[in-house]
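Please keep the sequence and the structure in view while reading.

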Amino acid sequence: MPTHRNGSERFDLDAAWAVHPQVAVRPEPFGALLYHFGTRQLSFLKDRRLLTVVQQLAHCPSAAEACRVAGVEPAESRRYRDALARLAESRMITERTGRASRGDAHLQGEEAP
């Protein structure tokens, strides 16, 4: 897995990503809470569209496609890449190999954006 510590410019939007299997996602009016049962770390998504991106990761061939599906405009892509890079650094999302898979099993309380 690539290192993301020195900036989001290293985050590969063209790679396939998914919510880590040990992470629960709980949608909230402000965005979502992510809790990693392995590291016991809690993250807040303060943007409902970022929640949609995160939910789409398992269904899309790349993070860039998940952003497109969520309605992220090209002018906003850097901000979302930065957010995804932080989620990767904290192991909330992980790079995946192979085909897109259904990630609903670890999305608790999933609701439509």
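## What helix 1 packs against

In this predicted model, the buried residues of helix 1 pack against strand 1 (17-19), strand 2 (23-28), strand 3 (31-36) and strand 4, and also against helix 2 (63-69) and helix 3. The residues of helix 1 that count as buried are Leu-50, Leu-51, Thr-52, Val-53, Val-54 and Gln-55.

## How helix 1 meets helix 3

A pair of packed helices is described by the angle between the two axes together with the distance between those axes. For helix 1 (residues 48-56) and helix 3 (residues 77-89), the angle is about 60 degrees and the axes are 11 Å apart. Helix 1 and helix 3 are therefore oblique to each other, since the range that counts as roughly perpendicular runs from 65 to 115 degrees. The crossing of these two helices, helix 1 and helix 3, is right-handed.

Which residues of helix 1 and helix 3 meet? From helix 1 come Arg-49, Leu-50, Val-53 and Val-54, while helix 3 contributes Tyr-80, Ala-83, Leu-84 and Leu-87. Sorted by kind, the residues of this contact between helix 1 and helix 3 comprise seven nonpolar, one charged and no polar. An α-helix has 3.6 residues a turn, so residues three or four places apart point the same way.

Asp-47 is placed in the loop between strand 4 (41-45) and helix 1. Is Asp-47 buried or exposed? Its relative accessibility is 18%, and because the cut-off for a buried residue is under 20%, Asp-47 counts as buried.

The N-terminal end of helix 1 is capped by Asp-47, with a side-chain oxygen lying 2.7 Å from the backbone nitrogen of Arg-49. The side chain of Asp-47 also makes a polar contact, at 3.5 Å, with the side chain of Arg-79.

## The chain as a whole

The chain has three helices and five strands, and, read along the sequence, these follow the pattern β-β-β-β-α-α-α-β. Of the 113 residues in the chain, 47% are buried. Among the contacts between residues at least 6 apart in sequence, 63% join residues that are at least 24 apart.

Conventions. Residues are numbered from 1 along each chain as its sequence is written. This is a predicted model: local features need pLDDT of at least 70, side-chain atom pairs count only at pLDDT 80 or more; totals for chains, interfaces and linings use all residues. Side-chain values use heavy atoms; hydrogens and water are left out. Axes are lines fitted to C-alpha atoms, for helices over the stretch in contact, and angles run from 0 to 180 degrees between N-to-C directions. Helices (H or I, at least four residues) and strands (E, at least two) are DSSP runs, numbered from the N terminus. Angles under 35 degrees count as roughly parallel, over 145 as roughly antiparallel, 65 to 115 as roughly perpendicular and the rest as oblique. A crossing is left-handed if the near helix is turned anticlockwise from the far one by less than a right angle, and right-handed if clockwise. Contact means heavy atoms within 4.5 Å. Ala, Val, Leu, Ile, Met, Phe, Trp, Tyr, Cys and Pro count as nonpolar, Asp, Glu, Lys and Arg as charged, and the others, Gly among them, as polar. Buried means under 20% relative accessible area, exposed over 50%, partly exposed in between (1.4 Å probe, protein chains only). A polar contact is a pair of N or O atoms within 3.5 Å; within protein, one must be able to donate a hydrogen and the other to accept it, and residues adjacent in sequence count only if both atoms are side-chain atoms.
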